[in-house]
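Colleague: Could you walk me through this one, a bit at a time?

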Amino acid sequence: MSGGFMKLAEERYSVRKFQDKKIDKKELEEILKAGHIAPTACNIQPQRILVIESDEALEKLKECTKCHFDAPLALLVGYSKSECWKRRYDGKPSGDIDASIVTTHMMLAAQALGIGSTWVMHFDPEKMRKAFNVPEDIEMTALLVMGYPHDEAEPYEGHSTFRSMDEVVRYDSF
Ligand SMILES: Cc1cc2nc3c(=O)[nH]c(=O)nc-3n(C[C@H](O)[C@H](O)[C@H](O)COP(=O)(O)O)c2cc1C
């Protein structure tokens, strides 16, 4: 398969250097829509997304993570622990999975618009909770920092190093 989805997925990389330019409102709406239509367990849609875009909020973000990369915008994606689906056999909750699918949709939608991003997990959840008044019921899954890639943005050297398919894919039995 060439072009289309595979091209988009192959060209994406974690962008960690951005232009000093705010994200266009219409483009942000499109990215949020891509997250909005993502599949979630039983279609419960337990995700909650905080748009961090004002200069004041972006300054607060810098207190919560070193992985802000001076991005002009960040999306904090979490989910409601009480609402999300739980598997009855073992109680495994779907929330992190749901929120990750939503985040992936938004990451790829951004890429399609020429907007770069990095998925960040390395943040202090307690500082984040306090800084942005995140309710106790919301578990924070991902921070997606994003912006228009700087001319000097380039993939980290490990970006296209992949394990062999044989190592990660099994057929019929593990
Ligand atoms: C769940 C998850 C958490 C990540 N957390 C961070 C992070 O905290 N800081 C960071 O700089 N990159 C983070 N990344 C980006 C990965 O390091 C990156 O996706 C990986 O090295 C592959 O590189 P690529 O995105 O350029 O293909 C994270 C990615 C994922 C999927």
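**Strands and a ligand shell**

Colleague: Which residue is the bridge partner of Val51 in β2?
Modeller: Val51 has Leu75 as its bridge partner in β2, where strands are DSSP runs of E with at least two residues, numbered from the N terminus. This is a predicted model, in which local features need pLDDT of at least 70, side-chain atom pairs count only at pLDDT 80 or more, and totals for chains, interfaces and linings use all residues. Residues are numbered from 1 along each chain as its sequence is written.

Colleague: And how many bridges join β1 to β2?
Modeller: There are six between strand β1 (residues 47-52) and β2, and the two run antiparallel; strands count as paired if DSSP finds at least two bridges between them.

Colleague: How many of the residues of strand β2 are buried?
Modeller: Seven of the eight residues of β2 (residues 73-80) are buried, so the strand is largely enclosed by the rest of the structure. Buried here is 20 or more other C-beta atoms within 10 Å of the residue's own, with C-beta atoms placed from the backbone.

Colleague: What about β4, how many bridges join β2 to it?
Modeller: Eight bridges join β2 to strand β4 (residues 138-147), again in antiparallel fashion, and among the pairs are Leu73 with Met146 and Leu76 opposite Leu143. β4 is mostly covered as well, with nine of its 10 residues buried.

Colleague: How many bridges join β3 to β4?
Modeller: β3 is joined to β4 by five bridges and runs antiparallel to β4, with Gly116 standing opposite Gly147.

Colleague: New topic: why does Val120 count as buried?
Modeller: Val120, which is found in strand β3 (residues 116-120), counts as buried because 22 C-beta neighbours lie inside 10 Å. Leaving aside neighbours within four places in sequence, Val120 is in contact (C-beta atoms, placed from the backbone, within 7 Å) with Thr65, Cys67, Leu143 and Val145. Thr65 is 55 residues away from Val120 along the chain, yet their C-alpha atoms are separated by 8.8 Å.

Colleague: Which residues are around the ligand?
Modeller: Val120 is one of them, and the others include Cys67, Thr118, Trp119, Met121, His122 and Tyr156, where being near asks for a C-beta atom, placed from the backbone, within 6 Å.

Colleague: How many of that shell are nonpolar, polar or charged?
Modeller: The shell around the ligand has seven nonpolar, five polar and no charged residues.

Note on methods. Helix = DSSP H or I, 4+ residues; strand = E, 2+ residues; numbered from the N terminus. Buried ≥ 20, exposed ≤ 12 C-beta atoms within 10 Å, placed from the backbone. Contact = placed C-beta atoms within 7 Å. Nonpolar A, V, L, I, M, F, W, Y, C, P; charged D, E, K, R; others polar.
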